[in-house]
Amino acid sequence: MKLSDISDKIGKNFENGKPLHCFSALYDAIDSFFLTPKTITTRGSHVRDAVDMKRIMITVMLALVPALLFGMWNVGYQHFLSLGEATEFWHCFGYGLLKWLPLVIVTYVSGLTIEIIFAQHRGHQVAEGFFVTGFIIPMIMPPDVPLWIVAIATAFSVLFAKEVFGGTGYNFLNPALVARAFVFFAYPSVISGDAVWISEMPDAVSGATPLSLTMNGATEQMPSFLEMFVGTIPGSMGETSKIAILLGAIILLYTQVASWKIMLSVVIGGWATAALFHFGGLCPLTGWQQLLMGGFLFGAVFMATDPVTAAHTSAGKYIYGTLVGILAIVIRVVNKGYPEGMMLAILLMNIFAPLIDYCVVRLTIRKRKIQISRKKIRL
């Protein structure tokens with residue numbers, strides 16, 4: 001018997017009027033995850049394409065896998081390195097896997113529970129968007145963050161960044177970044193930037209990230225270019241390996257899921273701003289060091305390109321991305337108490353993205369009206 005036949009047989013128990021109808025949203029979420037959604041366009045004047053929301057979300061998750069796998073290994077590597085023990089590959093990877101599993105389970109349970117409750121109440125299907133959000137949240141948290149904090153942060157982001165505005169597609173803030181921002185402002189000792197970023201680290205080791213070294217003025221202890229590019233440094237699971245992030249970027253760009261205009265403009269805006277600060281003597285770090293530190297590249301590839309919260313017009317994407325890169329570096333350099341500026345830069349530009357699109361559209365309309373008027377005068 002095919003899996004789809006089994007699903008159809010079980011699904012009859014969740015139909016309207018049946019005993020399990022109150023759990024129909026939960027069933028639909030599980031069924032849509034493994035199979036094609038049952039609600040599809042079959043007639044009428046609609047454009048049909050094999051690429052739907054589910055496939056887009058799966059593509060994003062596949063693009064995140066390289067950074068996640070390396071992050072798991074790096075968590076174990078940093079742990080055993082701080083203890084002075086042998087760092088065998090599978091020991092390191094297994095340790096990181098055991099650190100990641102509880103985080104992702106808590107994230108999905110707390111977030112999907114709220115999503116399912118709202119979907120059931122509204123009579124809607126559970127949107128696929130949270131599968132990516134729940135995948136990203138553990139990747140941008142410290143490896144030793146308490147699970148109850150992750151649960152509260154996830155619930156807060158789903159409630160106040162998505163559901164109060166109507167759910168997936170109506171949110172104007174990136175939910176994963178809202179969860180991180182909640183932890184940063186509500187529990188700053190956990191994720192302030194100068195806290196321990198090595199899991200179960202002995203007191204004799206500092207465990208400082210490049211950003212925290214910069215904040216404390218210890219730039220002479222900065223890791224080398226190769227260490228920061230490969231990712232063998234303390235940090236969140238998703239942000240350390242720039243090679244893995246670039247592999248994910250290639251996947252997103254090849255499948256046309258993410259906008260290259262946003263990625264490129266974020267990098268150019270950030271590098272140019274960092275270079276100006278360095279040339280002016282306001283920051284000892286060069287442009288490439290700023291790009292390789294913290295979550296700059298991870299944010300540029302996976303967060304700033306969120307199709308819901310980013311700008312949509314062609315010119316607006318360039319403006320949006322450039323401002324994200326500029327603001328991220330400005331916050332890093334100017335605000336000494338907050339070494340990582342990417343999170344706040346993206347959230348701030350999420351708010352201004354609709355205004356950017358509006359201004360671009362109005363300017364385009366005005367330009368075309370002027371062109372039409374000139375053609376009429378010539379005639």
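Student: Is Phe302 buried or exposed?

Tutor: This is a predicted model, so local features need pLDDT of at least 70, side-chain atom pairs count only at pLDDT 80 or more, and totals for chains, interfaces and linings use all residues. Residues are numbered from 1 along each chain as its sequence is written, and side-chain values use heavy atoms, leaving out hydrogens and water. "Buried" means under 20% relative accessible area, "exposed" over 50% and "partly exposed" in between (1.4 Å probe, protein chains only). Phe302 has 7% relative accessibility, so Phe302 counts as buried.

Student: How many helices does the protein chain have?

Tutor: Helices here are DSSP runs of H or I with at least four residues, strands are E runs of at least two, and both are numbered from the N terminus. The protein chain has 0 strands, and its number of helices is 16.

Student: How much of the protein chain is buried?

Tutor: The protein chain has 379 residues. Judged by relative accessible area, the part that counts as buried is 50%.

Student: How many aromatic pairs are there, and what kind do Tyr108 and Phe130 form?

Tutor: Rings of Phe, Tyr and Trp (its six-membered ring) pair if their centres lie within 6.5 Å; planes under 30 degrees apart are stacked, over 60 edge-to-face, and the rest tilted. The whole structure holds 19 such pairs. For Tyr108 and Phe130, the centres are 6.0 Å apart and the planes at 80°, which makes the pair edge-to-face.

Student: Which helices does that pair tie together?

Tutor: Both Tyr108 and Phe130 are buried. They are 22 residues apart in sequence, so the pair ties together helix 4 (residues 89-122), which holds Tyr108, and helix 5 (residues 129-136), which holds Phe130.

Student: What kind of pair do Phe298 and Phe302 form?

Tutor: Both lie in helix 14 (residues 296-303), 4 residues apart, about one turn of the helix. Phe298, at 3% relative accessibility, counts as buried. Their ring centres are 5.0 Å apart and their planes at 45°, so the pair is tilted.

Student: Where does Phe165 lie?

Tutor: At 37% relative accessibility, Phe165 counts as partly exposed. Its place is the loop between helix 6 and helix 7.

Student: How many residues of helix 7 are buried?

Tutor: The buried residues of helix 7 include Pro175, Leu177 and Phe182. They pack against helix 5, helix 6, helix 8 (188-191), helix 14 and helix 16, with contact meaning heavy atoms within 4.5 Å. Helix 7 is largely enclosed by the rest of the structure, because its buried residues number 10 of the 12.

Student: Which residues does Ser265 touch, leaving out those up to four places away in sequence?

Tutor: Ser265 sits in helix 12 (residues 260-279). Its relative accessible area is 5%, so Ser265 is buried. Beyond those sequence neighbours, Ser265 touches Lys317, Tyr318, Gly321 and Thr322.
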